[in-house]
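Please look over the structure below.

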Amino acid sequence: MVELRDFTLVDGRLLAAWIAGPVELWTWSGADFSWPLDERQLAEYAAESATPLRRSWMAIDAASDQAVGHASVRFDADRASGRIGRVLVAPEARSKGVGAAMLTSVLATAFGELGLERVELGVWTDNSRAIRLYEGLGFVCDRVLRDVEQFAGTSWSAMQMSLPRSAWGAGAVSG
Ligand SMILES: CC(C)(COP(=O)(O)OP(=O)(O)OC[C@H]1O[C@@H](n2cnc3c(N)ncnc32)[C@H](O)[C@@H]1OP(=O)(O)O)[C@@H](O)C(=O)NCCC(=O)NCCS
């Protein structure tokens, strides 16, 4: 349903178009980027994605050949584990299984080609749609960091989730 293609700076305009405002940007990436998501930040992100520290992809819908999503993995120092982040589906493509299909491909790449033993991620506790997506793929909550950030006059709590390679595929959503 979707194929992964490496993210480059040309794709940055799509990310900027899919993120409607500062709260959406915060929901997507926490404090990693600041509003507005401009060319300078996107260029730095594309440059980091071309180093051994990170790998980032656009998800391409196989039927239409259109980009419909984005995700990234930042590798830990030993390269045995990594952190999935920057998970985003184009607004018009949401709630149709694209997120599940994209992350199924990302996990297959992470545990296959990239040889990771474990992946982690962080998600704000109020992002029930994303949590449901991650739980459907087999991620479990390791801990909740309560009131770990303040943004837009609100306290934000972060759920830390993980998936070891040994659990990958057990009950995972197919895509
Ligand atoms: C979170 C996001 C990536 C999900 O992508 P998506 O393509 O809409 O997700 P899917 O259609 O694949 O749905 C995956 C699961 O979530 C569930 N889901 C989808 N929309 C939902 C909703 N509004 N409420 C609750 N669950 C929902 C689906 O039912 C499915 O669960 P199931 O497999 O048990 O049926 C997408 O909504 C998005 O880009 N959000 C903005 C950015 C963001 O929050 N990123 C995550 C940062 S941690």
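Predicted model: local features only at pLDDT ≥ 70, side-chain atom pairs only at ≥ 80, totals over all residues.

Residues are numbered from 1 along each chain as its sequence is written, and side-chain values use heavy atoms, with hydrogens and water left out.

**Ligand site**

The ligand is surrounded by 19 residues. The closest are V87, V89, S95, G97 and G99. By class, the shell has nine nonpolar, six polar and four charged residues. Asp, Glu, Lys and Arg count as charged; Ala, Val, Leu, Ile, Met, Phe, Trp, Tyr, Cys and Pro as nonpolar; the others, Gly among them, as polar.

β4 (81–89), α4 (98–111), β5 (118–124) and α5 (128–136) each supply at least two shell residues. α5 gives the most, with five. Helices (H or I, at least four residues) and strands (E, at least two) are DSSP runs, numbered from the N terminus.

Oxygen atoms of the ligand pair with these protein atoms:

| Residue | Protein atom | Distance to a ligand oxygen |
|---|---|---|
| G99 | backbone N or O | 2.8 Å |
| R129 | side-chain N or O | 3.1 Å |
| K96 | polar backbone atom | 3.2 Å |

On its own, the ligand has 930 Å² of accessible area, and the protein covers 77% of that. Areas come from the Shrake-Rupley method with a 1.4 Å probe.

**Single residues**

Is S56 buried or exposed? S56 is buried, because its relative accessible area is 2%. Buried means under 20%, exposed over 50%, and partly exposed in between (1.4 Å probe, protein chains only). S56 is in strand β2 (residues 54–61). Its side chain makes a polar contact with the side chain of Y45 at 3.4 Å. Such a contact is a pair of N or O atoms within 3.5 Å; within protein, one must be able to donate a hydrogen and the other to accept it, and residues adjacent in sequence count only if both atoms are side-chain atoms.

A cis peptide bond joins W35 and P36, with omega about 0 degrees. P36 sits in the loop between α2 (22–29) and α3 (39–49). At 48% relative accessibility, P36 is partly exposed.

D65 is not a glycine, yet has a positive phi of about 65 degrees. D65 lies in the loop between β2 and β3 (67–75). D65 is exposed, with a relative accessible area of 60%. D147 also has a positive phi, about 50 degrees, without being a glycine. D147 is in strand β6 (residues 140–151).

Key. Near = heavy atom within 4 Å.
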